[in-house]
Amino acid sequence: MNGRPSRKPTDHASFSEEFGDALEYGWGPILVSVLFSLALAVPDPAHEALMSLAENALRSGAGAVTMGATVLAFFFLPPTLHLFTRFALETPRHFGPHAAWIEAVLTTWVGRLPLLAVVVAVLRVLAGGEASGGARILLALLALVAGLFAISGIWVFLTPGFRARLGPLRDRAVPRLPHRPLHRLYRLIRDAGTSGQRVAALSGAAVLAAVAAYPPIAELLGPISVVILFVVVAAMALALLTRLSSRLCYGQVPLVFLVLGMVWAGTGLTGTLGFLLLAAIYAATVFIYPARTTPPERATAAVALLVAAGMLSWGLYRRDDCPALAGCHVIRPTETGPAVPALAAAYPAWRAAMPGGQPLRLIAAEGGGIFAAYYTALYLAKRADAEGAGFARSVLAISGVSGGSVGAAVFWAILRAGDCAAADAAPDCHQQKARQILGRDYLSPVIAVMLTTDLIDKALPLSSALPQRRIERGRQLERSLIRHADAALLGASGLDAPLADSWDADAGLPALFLNATRVSDGRRQILSPFGALAGDSSDWPNPQMAGAGLPVATAAFVSARFPLVTAAARLATPDGIRQIVDGGYFDNSGMETINDILEVLKSREGAGTGPVEVIALTTRPPAPGAEAALKGSLGTPLSAFLGAWKSRLEMVRERMKARWRDRAVGIALFQLPMDGINYTLSWYLDRNSLCGIERNLNRSLQGAGPGKAALSLPEGCAQP
């Protein structure tokens, strides 16, 4: 023996060879199923979305419709994944003795994996203890049906003899189980799809195209239904690419590599050159030995080379406006007309118009997605309803970050519309308007755009040809906010008006200072109606860089650009294209800008500032001694980063208190209690969390003013 394993020829392929052969063809739908299952079972945002669906289903008719659409989508998912996996496997290839059983396992479990993920996600939601009793029952029923159906897939692993012995028991027990109708639906869809694969594929693509053309449809479907719809279409597309690859070229995946190369080319000049190089190598290998290749394969190589060369040429032509071809959505500020004033010059007129008896107020609203937006808007709305017009008139400026910027913009829009200033306005008018605008699903339309037009733009960078059309998820957030605000305020929200027109000394509206972060140097980017905080400011030498020419809604969501939820904003300036991201990267509290505003005000002491009250909106921190949940080699650095980031925010507040303590500036930290609230950084909140935010706000604001009776709760929320 020489120590080397003996190699003996076999008459047929081994089990591992046949299994690898099946995966080579059916990898597309299987990969989509695995990734979706992981995304559903592991991350907290997926669990929050699932819990939100159940909570909303119990509180409103629209929520019940969304929950029904989600359950129906889960019912349709297993048979459609089965269908497209089998479609991918139906190719001319070697079939050994194990092939039939391997295909049965793959087609059976490709659709059951997401159902197992549902069970895992529901168990994690139930273990968290944040869901209400009714939502827990609803989710438990969903997990029971999904789990029973998923477990039924074990049948495919049993031997024929064992199946025969269990057959009578199955025939007696299975009809009594609650998942039996799901089996019938599964077979019905599978059989219908088998006889009409093309119709099934086109139907799924048509629904997804309708959602892409009109994203508000996604609000009715819900975020999970939209993702499931994408999963079905993605499985179909990858199966189709596999079939085409087997016909056009050697191997089953070259066309997928072609798509990935186009995605790489869209990232910039380096990616474009890399794609061209790989396409040239592939074309060379095909054309050097033409006798060993087929005409379709040579045509595919030529097309890949032409596409790579075309993308390189287009990238060089558009490199000034679009350094990266994909995602080239350029925001161009409008002309602001007369020179934009500095805050130092505009303040005296505002102070002269301010009624007496109120301190000058500055609000700092921290970031945190829709949670921070709702919290900020409702805090300001409740105080406006409880304390009367004097409160809103006393607020000179709101420094917002991320979701706090969105909440500040909503409060500004409510004041601007003037509906709540009418004599017949409801006592809680400001609160009602804020709920109508922000108590919505902002996430589903964003997911719809992200998984359709944004994803297509990665491979086919149409945005580089039409950069000002801005067909992207950041723009969709702006449209959703304007649509909901105009519906609540009868078209008078003003959120599409430039920031330069958002403030006037006599209008009684707060000035918006919306904080973002520049990608190039990491410095703060303040978007406001002023050219600069002070006339001699060196931070903003170019007035356009202050964002006065941006619409209010655009500026608010530029401040809330947190990748990967939304892509970085590309802002056109006289100095070129600048990339802007979430203000929370620099300072999530908004207090740095408040400090700069105070410096300007104190430089104008001759104008008479009087007492100044700074209100910092934040959440109550966890109990002392609570340890971070993330541990290990990967979790520890992330936990340390998040802890240091939060500590820096506390340090900024403490330094401001020390700096302004003796200068007639009171700094109040308003901490929202987090009891019974599910904190999330996404753009989707369940009704239970909305009720919890307002319930805790009401507790904290009781006695804040003579109108405490105006502190109301949303419809359907139980009083504490």
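Is Asp419 buried, exposed or partly exposed? Asp419 is partly exposed, at a relative accessible area of 24% (buried is under 20%, exposed over 50%, partly exposed in between, with a 1.4 Å probe and protein chains only).

This is a predicted model, in which local features need pLDDT of at least 70, side-chain atom pairs count only at pLDDT 80 or more, and totals for chains, interfaces and linings use all residues. Residues are numbered from 1 along each chain as its sequence is written, and side-chain values use heavy atoms, leaving out hydrogens and water.

Start with the whole protein: 26 helices and nine strands (DSSP runs numbered from the N terminus; helices are H or I of at least four residues, strands E of at least two). Of its 720 residues, 53% are buried.

Next, select Asp419 and Lys433, which form a salt bridge with closest N and O atoms 3.8 Å apart (a side-chain nitrogen of Lys or Arg within 4 Å of a carboxyl oxygen of Asp or Glu). Asp419 sits in the loop between α18 (403-417) and α19 (429-438), and Lys433 in helix α19. Lys433 counts as buried, at 15% relative accessibility.

Now select Arg361 and Glu613, a salt bridge at 3.0 Å between the closest N and O atoms. Arg361 belongs to strand β2 (residues 360-365) and Glu613 to strand β8 (residues 612-619), 252 residues apart. Arg361 is buried at 6% relative accessible area, while Glu613 is partly exposed at 22%.

Move to Arg124 and Asp44, whose side chains meet in a salt bridge (4.0 Å, N to O). Arg124 lies in helix α5 (residues 113-128) and Asp44 in helix α2 (residues 44-57), so the pair ties together parts 80 residues apart in sequence.

Finally, select Lys382, Asp428, Arg435 and Glu694, which a network of salt bridges links.
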